[in-house]
Amino acid sequence: EYVQNEYYDQNIANAIVEVLTDEWNGVKMPLDYIDIPSFTASAIKLANEGNWCSVLVSTQAVAASVVVGLLQQADACLRWNARTTKHELKLHCEDFDVGTLPAFSEDNLADVPNLTKTQWRNLPKIVNVSYVDRANRYTETTIGLKVNSHVDEYAALSANITLGAVTSTDV
C-alpha cells in the first residue's frame, strides 16, 4: 500500500520497494522477492516517527545509490534472507523507554578526555543552516543564526523552512 503524508512525502519503506520493483523507473524486481511483513512493520514505525522522504532523481542514477540514501535516512539495512529468498528491511532503531536510559554527568563519569571549556567570546558568531527549498525548485538555501554582542540574546534571520512535516519561521 502506497503511504504518504499531507505534504506528499513518501514513506521510506514504500520508496525502497518502489525503486526495487517499479517497471519504469526501478530495477523491475518481482514483488515476490520482497518480504512484505518486514517492509510493512518498518513502514508503520517510520510513519509513527514522522520519518518521511521526498526524493528527486533529476538525472540517471544507479538504483543502489538511491536505495543507499534511503536506507541511511531510515537508519536501516536491506538484507537478503536465503531461507525465504526475499529481501527484508530491518530498522536499526530499538524500541525502548527513554526514561530507562542511564543519565551521565560529571558525577558518574570516570574520565572525559579532550574536554575543553571555552569562553563565550570564543563561540561561533554565526551558525549556518543549509536546506533544500522544495518550494523554490529544490535549490539549496543557506540561512544563518547570528549571535548578538550580549551573550544570552540571539537574533534569528527569518526564513520559512519546511523539513518534512515541520514548518517553522523561527530558526
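Which residue follows helix 2, and is its phi positive or negative?

Modeller: Gly-50 follows helix 2, and its phi is positive, near 75°. (Helices are DSSP runs of H or I with at least four residues, strands are runs of E with at least two, and both are numbered from the N terminus.) The model is predicted, so local features need pLDDT of at least 70 and side-chain atom pairs count only at pLDDT 80 or more, while totals for chains, interfaces and linings use all residues. Residues are numbered from 1 along each chain as its sequence is written, and side-chain values use heavy atoms, with hydrogens and water left out.

First, the setting. The chain has three helices and nine strands. Along the sequence they follow the pattern β-α-α-β-α-β-β-β-β-β-β-β. Of its 171 residues, 25% count as buried (under 20% relative accessible area; exposed is over 50%, partly exposed lies in between, with a 1.4 Å probe and protein chains only).

Now helix 2 itself. It covers residues 36-49, 14 residues in total. From first C-alpha to last it reaches 20 Å, close to the 20 Å expected at 1.5 Å a residue (the expected span is 1.5 Å times one less than the number of residues). Its buried residues are Ser-38, Phe-39, Ser-42, Ala-43 and Leu-46. They cover an arc of only 130° around the axis, which puts them on the same side of helix 2 (the arc is that of the directions from the helix axis to the C-beta atoms). An α-helix has 3.6 residues a turn, so residues three or four places apart point the same way. The face turned away from the buried side of helix 2 carries the exposed residues Pro-37 and Asn-48.

What does the buried side meet? Its residues pack against strand 1 (10-11), helix 1 (12-21), helix 3 (63-74), strand 3 (76-81) and strand 4 (86-91) (contact means heavy atoms within 4.5 Å).

Take helix 1. Helix 1 and helix 2 pack at an angle of about 140°, with their axes 7 Å apart (axes are lines fitted to C-alpha atoms, for helices over the stretch in contact, and angles run from 0 to 180 degrees between N-to-C directions). The two helices are therefore oblique to each other (under 35 degrees is roughly parallel, over 145 roughly antiparallel, 65 to 115 roughly perpendicular, the rest oblique). Ile-12, Ala-13, Asn-14, Ile-16 and Val-17 of helix 1 meet Phe-39, Ser-42, Ala-43 and Leu-46 of helix 2. This contact of helix 1 with helix 2 has seven nonpolar residues, two polar and no charged (Ala, Val, Leu, Ile, Met, Phe, Trp, Tyr, Cys and Pro count as nonpolar, Asp, Glu, Lys and Arg as charged, the others, Gly among them, as polar).

Strand 4 supplies His-87. At 16% relative accessibility, His-87 counts as buried. Leaving out residues up to four places away in sequence, His-87 touches several others, including Ser-38 and Phe-39.

Helix 3 is the other helical partner of the buried side. The buried residues of helix 3 are Val-66, Val-67, Leu-70, Leu-71 and Ala-74. They fall within an arc of 135° seen down the axis, so they line one face of helix 3. That set packs against helix 1, helix 2, strand 2 (52-53), strand 3 and strand 4. Helix 3 is followed by Asp-75, whose phi is positive, near 55°.
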